Amino acid sequence: MKKLMLTTMTLLGTSVALLTGCGSSANKVVVYTAAEEERIAYLQKELKTKFPQYDVVFQSIGTGALVSKLQVEGKNTECDIFYDLEATNAEIILNGNKDIFYDLSEYDFSIYDASVTEYTKTHHKYAVNGKTDGTIVVNKKVLEQNGCAIPTTYDDLLKPEYKNLITMPSPKSSGTGYAFYNGLVSSMGESDALAYFGSLNANMKEYTTSGSAPIKAVNKGEVAIGVGLLWQCVDYANKNSDLEVVFLDDEASYNLFTMGIISGKETKEPVKAVFDYLYKDLNKTQCEKYNPDKIYVNQGKAEIPNYPDDFTEIEMQGVFDFKYKQDLLDKWSWS
């Protein structure tokens with residue numbers, strides 16, 4: 001378990017309350033989340049409209065810090081609902097404290113596509129709240145300034161002309177980075193993928209701690225190529241004509257994220273009401289607006305303009321296997 005317990009020191013300064021209020025504690029609902037700012041803002045607005053009588057507080061916490069915080073706090077946490085917790089990280093937490101999450105067996109899991117419910121064979125301690133496909137976004141102007149063509153394959157990224165023009169999130173701190181790493185392990189095989197990343201490292205300008213930082217750097221023209229979430233890449237490309245979304249070898253990795261209730265908190269009426277609304281209604285509309293990769297049987301059409309569908313998802317390995325993830329992270333040595 002020592003390797004699975006992330007240091008609590010990373011918690012200092014990482015938790016930020018995005019919405020506070022002055023209501024009574026009886027009407028307060030605390031949500032721990034690793035979701036992006038724009039998604040939190042949307043959920044925040046909708047919940048305030050639906051439940052004006054409740055004080056719903058979102059605490060934005062980084063991916064790794066969220067795991068540490070829940071591990072350390074256990075069921076004594078101020079958290080009532082967790083949202084956008086990476087699936088393998090949810091399994092890490094459950095491995096150390098099998099009773100920390102409320103059993104959701106009373107909820108209708110038939111609403112989910114079978115591709116995201118493998119874990120329900122063993123438990124119903126969380127529900128998938130999103131699938132995030134990953135890809136790269138390129139800044140065509142920066143590429144042109146450096147005399148480079150738009151890459152179309154993974155091997156293209158190894159060409160010397162791309163040196164210091166690429167950035168990706170570190171797999172050790174970002175679910176987006178880990179998905180890109182595991183995607184190539186899943187498609188190439190472990191030894192070939194590790195060799196690939198060893199070669200790619202020579203062209204890498206930076207490994208970021210944030211999953212969205214590479215896209216922002218590409219958007220600003222600080223680098224030419226960034227690994228990121230598909231929905232964010234498309235959103236930025238819709239606003240900046242210099243940007244283009246590219247699927248290397250016409251394929252995409254993905255990651256799954258989860259939501260649930262801390263055990264014991266389901267007895268609080270506001271907590272149960274907020275989670276019920278998230279589960280049955282709000283998360284579906286959130287998916288359509290922000291991360292429309294399919295998790296529901298009857299999922300609505302993506303609201304993001306120009307959202308692509310002409311790519312193949314990699315058959316990802318170990319999506320719910322925290323030991324598999326830890327083994328891969330132990331072998332990552334570049335950030």
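The largest cavity in this predicted model is lined by Gly-134, Thr-135, Ile-136, Tyr-154, Phe-180, Val-246, Phe-247, Leu-248, Glu-251 and Ser-253. About 70 Å³ of space lies inside this cavity. Strand 5, which covers residues 127-139, is the element that gives the most to the lining, with three residues. Sorted by class, the lining of the largest cavity has six nonpolar residues, three polar ones and one charged one. A search of the whole structure finds three cavities of 30 Å³ or more.

The second largest cavity holds about 60 Å³ of space. Its lining consists of Glu-86, Thr-88, Tyr-178, Ala-179, Asn-182, Tyr-254, Asn-255, Met-316, Gly-318 and Val-319. Two or more of these residues come from helix 5 (175-188), and two or more from strand 11 (254-261). Helix 5 supplies the largest share of this lining, three residues. The classes here are five nonpolar, four polar and one charged.

Helix 5 also takes part in a helix-helix contact. Packing of this kind is described by the angle between the two helix axes and the distance between the axes. The partner is helix 10 (residues 322-331); the axes of helix 5 and helix 10 come within 11 Å and cross at roughly 95 degrees. An angle from 65 to 115 degrees counts as roughly perpendicular, and helix 5 and helix 10 are therefore roughly perpendicular to each other. On the side of helix 5 the contact is made by Tyr-178, Tyr-181, Asn-182, Val-185 and Ser-186, and on the side of helix 10 by Tyr-324, Lys-325, Leu-328, Leu-329 and Lys-331. By class, this contact has six nonpolar, two polar and two charged residues.

The volume of the largest pocket is about 640 Å³. Its lining has 28 residues, and those nearest the centre of the pocket are Ala-34, Glu-36, Ser-210, Gly-211 and Ser-212. Helix 8 gives the most to this lining, with four residues. The lining of the largest pocket divides by class into eight nonpolar, 13 polar and seven charged residues.

The crossing of helix 7 with helix 8 is right-handed. Ile-215, Lys-216 and Asn-219 of helix 7 meet Gln-232, Cys-233 and Tyr-236 of helix 8. This contact has three nonpolar, two polar and one charged residues by class.

The remaining pair is formed by helix 2 and helix 3. Helix 2 (residues 63-73) packs against helix 3 (residues 87-96) at an angle of about 20 degrees, and their axes are 10 Å apart. That angle makes helix 2 roughly parallel to helix 3. Helix 2 passes helix 3 in a right-handed crossing. From helix 2, Thr-63, Val-67, Leu-70 and Gln-71 take part, meeting Asn-89, Ile-92 and Ile-93 in helix 3. The contact of helix 2 with helix 3 has four nonpolar and three polar residues, and no charged residues.

Technical notes: Residues are numbered from 1 along each chain as its sequence is written. This is a predicted model: local features need pLDDT of at least 70, side-chain atom pairs count only at pLDDT 80 or more; totals for chains, interfaces and linings use all residues. Side-chain values use heavy atoms; hydrogens and water are left out. On a 1 Å grid over the protein atoms alone, a cavity is a set of points where a 1.4 Å probe fits but cannot get out, and a pocket is an open set with protein on both sides within 12 Å along at least five of seven lines; lining residues have an atom within 4 Å of a point. Grid points are joined across faces, edges and corners, and a volume is the space filled by probe spheres set on the points. Ala, Val, Leu, Ile, Met, Phe, Trp, Tyr, Cys and Pro count as nonpolar, Asp, Glu, Lys and Arg as charged, and the others, Gly among them, as polar. Axes are lines fitted to C-alpha atoms, for helices over the stretch in contact, and angles run from 0 to 180 degrees between N-to-C directions. Angles under 35 degrees count as roughly parallel, over 145 as roughly antiparallel, 65 to 115 as roughly perpendicular and the rest as oblique. A crossing is left-handed if the near helix is turned anticlockwise from the far one by less than a right angle, and right-handed if clockwise. Contact means heavy atoms within 4.5 Å.
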